[in-house]
Amino acid sequence: MRWFFFLLLSVIGLDRFTKQLAIIFLRDTGESITIIPGLFSLTYAENRGIAFGMEFLPPAVLLILTTIIVSGVIIYALYQGNRQPLFLGSFGLIAGGGIGNLIDRFTTGRVVDFLYFDLYRGELFGQWIALWPIFNIADSAITIGACMLIIFYGRIFPDSTASGGNNVC
């Protein structure tokens, strides 16, 4: 369980620290800081929605729903009984990232984003698009944790793969 709480708290701490730096150095200047020209920059943005900035729920509903989901992830990780590092690591990253963005939603009603990979920007089917949205450390942790669950599913949940994983009542 130490691994779970270590990752959870590390993600929250790193997320809060980097978001504060983004607010201090990027928000008021309105300028981006180029790290790799034409590819990666630090660009301040605020996001009221969820993944990729989609706003399909009122902020209060999104706040309640996010709180329920994060609480569910934490309760599941604590009471599931699986103490494998991959299990605890993936759920620690997901929970830490969820809490990091939840803190923003509680305090300001929007999430601070600042990492921007300019993979493609231009017209696609007559619409101006940027292929990858601006994101933050919490988003990265959630994505990495979810990818770990997918990639290492058989090692994280060995019982479900040993029995074929498709038992029907």
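## Handedness of a helix crossing

A crossing is left-handed if the near helix is turned anticlockwise from the far one by less than a right angle. In this predicted model, the crossing of α2 and α3 is left-handed.

## How α2 and α3 pack

Two packed helices are described by the angle between their axes and the distance between the axes. Here α2 spans residues 59-79 and α3 spans residues 85-107. Their axes lie 9 Å apart, at an angle of about 155 degrees. Angles over 145 degrees count as roughly antiparallel, so α2 is roughly antiparallel to α3.

## The α2–α3 contact

From α2, the contact takes in L62, L63, T66, T67, V70, V73, I74, Y76 and A77. From α3, the partners are F87, F91, I94, A95, G98, I99, L102, R105 and F106. By type, the residues of this contact divide into 14 nonpolar, three polar and one charged.

## The largest nonpolar core

In soluble globular proteins, nonpolar side chains tend to be buried together. The largest nonpolar core in this model has 16 residues. F4, L8, I74, F87 and F91 have the most contacts inside this core. Helices α1 (2-27), α2 and α3 each supply at least two of the core residues. The largest share, six residues, comes from α3.

I74 sits in α2 and takes part in the contact with α3. Leaving aside neighbours within four places in sequence, I74 is in contact with F4, L8, A95 and I99.

## A separate core

Another core lies apart from the largest one. This other core has nine residues, including A22, I23, L26 and F135.

Key: Residues numbered from 1 in each chain as written. Predicted model: local features only at pLDDT ≥ 70, side-chain atom pairs only at ≥ 80, totals over all residues. Heavy atoms only, no water. Axes fitted to C-alpha atoms, helices over the stretch in contact; angles between N-to-C directions. Helix = DSSP H or I, 4+ residues; strand = E, 2+ residues; numbered from the N terminus. Parallel < 35°, antiparallel > 145°, perpendicular 65-115°, else oblique. Contact = heavy atoms within 4.5 Å. Nonpolar A, V, L, I, M, F, W, Y, C, P; charged D, E, K, R; others polar. Core = buried A, V, L, I, M, F, W, Y, C linked by side-chain atoms within 4.5 Å. Buried < 20%, exposed > 50% of the residue type's maximum accessible area, 1.4 Å probe, protein only.
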